[in-house]
Amino acid sequence: MKYPLQGNTDLAVLKPFNYSPAGSVQDLQFSRWLAEFSPRSLLWLALLACLWPGIVLAQSNYTMAQALDALWRWLPFVVSKGFVLNLVVSFLTMLIGTIAGVILGLGQISPIRAVARTSWFVTQLFRNSPWLVLLFIVMLAFPFEITIGSTVYQIPDWLKAVFGLALPIMANISEIVRGAIQSVPTGQWEAAESLAYTRQQTLWLVILPQCFKRMIPPWMNWYAILTMATPLISLLGVEEIVTLSRQAMEAEDNHPELLVPFFGFALIIFFAYCYPIARYTLRLEKRFAIIQ
Amino acid sequence: MSDTAWTPDQPLVSIRDVHKSFGDLEVLKGVSLDVMKGEVICIIGPSGSGKSTLIRCVNALNTIDRGSIMVEGQEVHDPDLDKLELRKKVGMVFQQYNLFPHKTALENVMMAPLKVLKQPPDEVEKRARALIDRVNLTGKEGAYPGELSGGQQQRVAIARSLAMNPDVMLFDEVTAALDPETVNEVLLAIKDLAQDGMTCILVTHEMGFAREVADHIYFTDRGIIVEHGPPTTFFSEAKDPRTQEFLSQIL
């Protein structure tokens, strides 16, 4: 046993001190998992992707060299038209999700019971729904075009996907905001109240400035999760990296040898983008924990 | 009734038969006391006797179930009470200081007059610096709470509360969380205030301080005031056995 004194003594025992600055807010499971890879694993992944066609399909007449050559030719297209769209979707989703999530999170701590209950319900609903189902609902429920005045605006599929993905992000940001606010000691509220601050003033001048920093690591954690999830929208026909990779493979006569290089490349590019974010998230979290 | 004009010859704070329960636990069972302007009263008693709850009711941080608390003739136990107006008159200092950690000492003192009372910044800053000087912290204006000792933080908290120019100050066990060597500096700051004529209600375990500074001492136990009197007689002539037992343990 690690602490042999515990449990069989009447003496006061100092228990190991677990410091968790913001409770569930700091639950960075995804970032922790991702950041645990060594940077070298990227290299292994690439190597594996290159060797696979060579090993498995050596007897075929379509060689690894040909497959990689095809990937090389399609790479600029897949990245510039596909992956860039994944990033655009991730930025916009995060922007909308954050704004809506902050409002919803503040709603959750509202002194008005009806507002708090509704915000809580909306948060739980979208936090616990499958993303793909939300995406389908938004895709099908949203109009294809909007008429403002006499102009008709076509709504592109990818923009609808942004709204679909923004729903679960909103709900999770809402939880981050609520958790961070509730992690501030009640003494801060009381001190501000006894100095005649209004609730709004207490929130904006005293509470939020204190928990802003605590929200950044979990916020970044959700950004990484979101980015990894953007290929979901390929199922809805949005022309992002996975959709374009499939189209490219079709253009190359659908050789099965193409699968691993193309999807392997998608894997690598997502990893290369999200891995530094995860590492940085954990570094920030450590730094803020020390400041606190 | 709540807006009868208050004159300084009436009690500044008047507590009448106050009852308060937390669920099944009745912490105040009919407490009454009066505080005149310029008076310093100390409330002592064992932990859990309801003394902190009582002073938290005075600035409406806690609500009461029954009875009446009047501050300058205004009923605190009134659902239509303007809490903000009340709290401008009643300052409070807490056991855990509760300074705003993201603001410097000077900013902590300046914030409420600036944002709540909307006073002009240069005037507020002048007064804030004077208050920090008054609690002997000149040179610490730019320090963040995390860089100050407990005693220093508590003195900033006192200055922060004074910056609102309150008519009465509540001190809720303000030295209980402090290291012994810093208790004195905080007590000196409060004593300075008391001698300056500030009306003070203190919940405290510092008997020596109570004896020296208080005009009147109340001893509470299990939600009632067991005994009270001026310090000259309170300590030497305690009649109730509970008071005697408490004092024998403390002194």
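This is a predicted model: local features need pLDDT of at least 70, side-chain atom pairs count only at pLDDT 80 or more; totals for chains, interfaces and linings use all residues.
A polar contact here is a pair of N or O atoms within 3.5 Å, where, within protein, one must be able to donate a hydrogen and the other to accept it. By that rule, 6 residue pairs are in polar contact across the interface of chain B and chain A, both residues of each pair being at pLDDT 80 or more.

Staying with the interface: 16 residues of chain A are in contact with 22 residues of chain B. On the chain B side, the elements that contribute two or more residues are α2 (83-89), β6 (90-93), α3 (105-115) and α5 (150-162). By class, that side has 12 nonpolar, 4 polar and 6 charged residues. The buried area between the two chains is about 1600 Å², and carbon and sulfur atoms give 62% of that.

How many salt bridges are there between chain B and chain A? The count is 2. Take Glu190(A), which forms a salt bridge with Arg56(B); their closest N and O atoms are 2.6 Å apart.

The largest nonpolar core has 88 residues, and the members touching the most others are Ile181(A), Tyr197(A), Val13(B), Leu33(B) and Ile201(B). Helix α8 of chain A, residues 199-229, supplies the largest share of this core, 12 residues. Apart from this core lies another, of 51 residues, with Val183(B), Val186(B), Val226(B) and Ala238(B) among them.

Last, Ile181(A) in detail. Neighbours within four places in sequence aside, Ile181(A) is in contact with Leu106(A), Ile109(A), Trp189(A), Leu203(A), Ile207(A), Leu208(A) and Cys211(A).

Methods: Residues are numbered from 1 along each chain as its sequence is written. Chains are lettered from A and ligands numbered from 1 in the order in which they are written. Side-chain values use heavy atoms; hydrogens and water are left out. A nonpolar core is a set of buried Ala, Val, Leu, Ile, Met, Phe, Trp, Tyr and Cys residues joined through side-chain atoms within 4.5 Å. Buried means under 20% relative accessible area, exposed over 50%, partly exposed in between (1.4 Å probe, protein chains only). Helices (H or I, at least four residues) and strands (E, at least two) are DSSP runs, numbered from the N terminus. Contact means heavy atoms within 4.5 Å. Buried area is the accessible area (1.4 Å probe) that two parts lose on being put together, summed over both. A salt bridge is a side-chain nitrogen of Lys or Arg within 4 Å of a carboxyl oxygen of Asp or Glu. A polar contact is a pair of N or O atoms within 3.5 Å; within protein, one must be able to donate a hydrogen and the other to accept it, and residues adjacent in sequence count only if both atoms are side-chain atoms. Ala, Val, Leu, Ile, Met, Phe, Trp, Tyr, Cys and Pro count as nonpolar, Asp, Glu, Lys and Arg as charged, and the others, Gly among them, as polar.
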